[in-house]
Amino acid sequence: MRVYRILLTFLAVTLSAVSAQAQSQGPLRIEITQGVIEPLPVAVPDFVAESPEAAQFAKDIADVVRSDLVNSGLFRAISKDAFIGQITAFNSPVQFSDWKAINAQALVTGAVSIASDGRLVVKFRLFDVFSEAPLGQGLQFAATQATWRRMGHKVADAVYTRVTGETGYFDSRVVYVSESGPKNNRAKRLAIMDYDGANVQFLTDSSAIVLAPRFSPTGDRVLYTSYSTGFPQVYVLDVARVTQTPLGNAENEMTFAPRFGPDGQTVVYSSSVGGNTDVFRRTIGGAPQRLTTAPSIETAPSFSPDGSQIVFESDRSGAQQIYVMGASGGEPVRISRGEGRYGTPVWSPRGDLIAFTKQHAGRFHIGVMRTDGSEERLLTSSFLDEGPSWSPNGRVIMFTRETAGASGEASLYSVDITGRNLRRVPTPGAASDPAWSPLLR
């Protein structure tokens, strides 16, 4: 059996694509091995337009599928210029010899039509070229024409899942802080976009500084910190209606660094009371519950996916370090053990890792560690990297990178959890504080 290794290791293990050398040896599948050599070559011809008005959609949706797969770092899209065969009808038999000749290992075919009610209908199939067999059943999606990009993301997610065995992450959004103006006087407002930087929309104006937006588990609300009253307060924003309300009722309550719990109703955050910063939790509209009482700064809390624990940063040991405690408080346990300062911890949606920012020897890093602090791995190194946020499947991290100097500005980057496939995420201007949504519904 021929082993085709994919360009991504997931910590100690790696996904490798395994193709059969002959049809009798079975279809393309994924198994866990070590080491990586190159991404999986995939052919994605333009989708077939089953009506003239669907022609542009057919081309554009295929472009989105190609881009998503390449962005993952696991796939290499074969240039259309290299294609020998053509897909002229969705149900036509596939001439696998044409795709073998250009060393394609996977083939994605699709078709697009316009239904009588005006909706866009997209269908696709995925094939293992070497075994000359489909990978799973074909799928069909239907939605409004305005959501054609989402349909491309859905196709790419399905391909990603069938080849890797992992849940996809392309049909998701990112909320972030859009920045403009000079470095010493930045105007900031909340913006939301597709995970790949498309479809940017602004959620607030730039009349007040905003920080640290965070999605709810269902993606319909965003927590963020605003200085509209002159000091930090947490607000809850309804994404669809673009309306916001304060988390608490006290006008002079200083609250910041919020995150939702997995139930979508509980919020954990930091508050400054009597000159001391501690971690609190509350239900939306409910009374606050103080979880820490040490004479130190406790901030940046994040729930575990099951809601049983909270990870946060504290300088109770004399420097920023990462601690874990029960969701209702109790004695915290320090888990960061390396040299340097640790901050902005956030629990992976898979529950197996904690991402963090580390400052050491004049450099900033994004890293991951096990939930007990073991197996620390630094993924990036730069003048300033901070604020990691997990993709919905827990395999990619988005973060802020800022360049040095008076003209330096913040940008969004993503990296997989092995430190490979570092990519800048396109935004219209400077951007910081990204937060990844769950998969859209």
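Predicted model: local features only at pLDDT ≥ 70, side-chain atom pairs only at ≥ 80, totals over all residues.

A: Residues are numbered from 1 along each chain as its sequence is written, and side-chain values use heavy atoms, with hydrogens and water left out.

Q: By what is a pair of aromatic rings described?

A: A pair of aromatic rings is described by the distance of the centres and the angle of the planes. Rings of Phe, Tyr and Trp (its six-membered ring) pair if their centres lie within 6.5 Å, and planes under 30 degrees apart count as stacked, over 60 as edge-to-face and the rest as tilted. A search of the whole structure finds 13 aromatic pairs. In one of them, Tyr 160 and Tyr 169 are edge-to-face, with 5.8 Å from centre to centre and 85° between the planes.

Q: Why is the pair of Tyr 169 and Phe 170 tilted?

A: Their planes stand at 45°, with the ring centres 4.6 Å apart, so the pair counts as tilted. Tyr 169 has a relative accessible area of 3% and is therefore buried, and Phe 170 counts as buried because its relative accessibility is 0%. Tyr 160, Tyr 169, Phe 170, Tyr 195 and Trp 436 form one aromatic cluster.

Q: What does the side chain of Ser 389 reach?

A: A polar contact is a pair of N or O atoms within 3.5 Å; within protein, one must be able to donate a hydrogen and the other to accept it, and residues adjacent in sequence count only if both atoms are side-chain atoms. Here the side chain of Ser 389 reaches the backbone nitrogen of Trp 436 at 2.9 Å. Ser 389 counts as buried because its relative accessibility is 9%.

Q: Which residue has its charged end over the ring of Phe 90?

A: A charge sits over a ring if NZ of Lys or CZ of Arg is within 6 Å of the ring centre and within 35 degrees of the ring normal. The charged end of Arg 125 sits over the ring of Phe 90, 4.8 Å from its centre, and that of Arg 316 sits over the ring of Tyr 323, 5.5 Å from its centre.

Definitions and conventions
Buried < 20%, exposed > 50% of the residue type's maximum accessible area, 1.4 Å probe, protein only.
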